[in-house]
Amino acid sequence: MKKIALIGSLLIGLVAVFSIFVASNFGEKSDIYVSGEVVVPHSLSNRINNFKVLYIVIYDENSPMPMPYGAMKLRLEEPVQAGVGVPFFVTKERIQTMRENQPPPQAMRVKARFDRDGNAGRDQPGDLTGEQLGVAYGTTGLTIAIDKYISGH
């Protein structure tokens, strides 16, 4: 009787392990729109201002609309340092799109903004920005160099 109970427990355990394996390997996985890092060059190190937020904004290069396709907000755990990359990856779960159910762009302009006040919207004085043009959907290893300081009016 104990042998049957032990065999039953082993079979249940094996089924559970197999189910987890199948779910993790064959379940729906989200495609990466783009991933990489954002780097502030040493030439702008005097402009690093204890940033707490990084926005990654994606534009559809084939769209005549000036509005972005969507944006992702990253809260920074560590202070930004010149020359040290801040990693990012954008998936459908992490991006907030402007129009629901819009297919992802295949050719993108990807903009990074270290945001001084942490509020979404247009670039504001004190923000640092940079962008890459002609980025294909699914690109990994992209480096966006910050090259602009938004000055006050």
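Start with the open sheet: 3 strands make it up, in the order S4-S1-S8, and the pairing is mixed. Strand S4 (86-91) and strand S8 (139-145) sit at the edges with a single partner strand each, so one side of each has no neighbour in the sheet. From one strand to the next, the twist averages 25 degrees; axes here are lines fitted to C-alpha atoms, for helices over the stretch in contact, with angles from 0 to 180 degrees between N-to-C directions. Strands are DSSP runs of E, at least two residues long, and they are numbered from the N terminus. Two of them pair if DSSP finds at least two bridges between them.

This is a predicted model, so local features need pLDDT of at least 70 and side-chain atom pairs count only at pLDDT 80 or more, while totals for chains, interfaces and linings use all residues. Residues are numbered from 1 along each chain as its sequence is written, and side-chain values use heavy atoms, with hydrogens and water left out.

**Strand pairings**

Strand S1 (residues 32-39) and S4 run antiparallel and are joined by 6 bridges. To find that pairing on screen, look for Val38, whose bridge partner in S4 is Val86. S2 has pairings of its own. With S3 it pairs in the antiparallel sense over 6 bridges, and Ile56 stands opposite Met72 in S3. S2 and S6 also run antiparallel, joined by 8 bridges; there, Tyr59 has Arg109 in S6 as its bridge partner. S2 is mostly covered too, with 7 of its 8 residues buried. Buried means under 20% relative accessible area, exposed means over 50%, and partly exposed is in between (1.4 Å probe, protein chains only).

**The nonpolar cores**

A nonpolar core is a set of buried Ala, Val, Leu, Ile, Met, Phe, Trp, Tyr and Cys residues joined through side-chain atoms within 4.5 Å. The largest one has 27 residues, and Val34, Val38, Leu54, Ile56, Phe88, Val90 and Phe114 touch the most other members. At least two residues of this core come from each of S1, strand S2 (53-60), strand S3 (70-75), S4, strand S6 (107-115), strand S7 (128-136) and S8. S6 gives the most, with 4 residues.

What does Val34 touch, not counting residues up to four places away in sequence? Its partners are Ile58, Phe88, Phe89, Val90, Met108, Val110, Val135, Thr139 and Leu142. Contact here means heavy atoms within 4.5 Å. There is also a second, separate core of 5 residues, and Val53, Val57, Tyr59 and Ala71 are among them.

**Salt bridges**

The structure holds 5 salt bridges, each defined as a side-chain nitrogen of Lys or Arg within 4 Å of a carboxyl oxygen of Asp or Glu. Here are some of them:

| Glu131 | Arg109 | 2.9 Å |

Asp123 lies in the loop between S6 and S7 and Lys111 in strand S6, so their pair ties together parts that are 12 residues apart in sequence. Asp123 is partly exposed at 25% relative accessibility, whereas Lys111 is buried, with a relative accessible area of 12%.

Are Asp115 and Arg113 buried or exposed? Asp115 is buried, with a relative accessible area of 1%, and Arg113 is buried as well, at 4%. Salt bridges that share partners join Lys111, Arg113, Asp115, Asp123 and Asp127 into one network.

**A closer look at Asp115**

You'll find Asp115 in strand S6. Setting aside neighbours within four places in sequence, Asp115 is in contact with Phe51, Val53, Tyr55 and Asp127. The backbone nitrogen of Asn119 lies 3.3 Å from a polar atom of the Asp115 side chain. Asp115 and Lys73 are 42 residues apart in sequence, yet their C-alpha atoms are 9.8 Å apart in space.

Technical notes: Polar contact = N/O pair within 3.5 Å; in protein donor to acceptor, adjacent residues only side chain to side chain.
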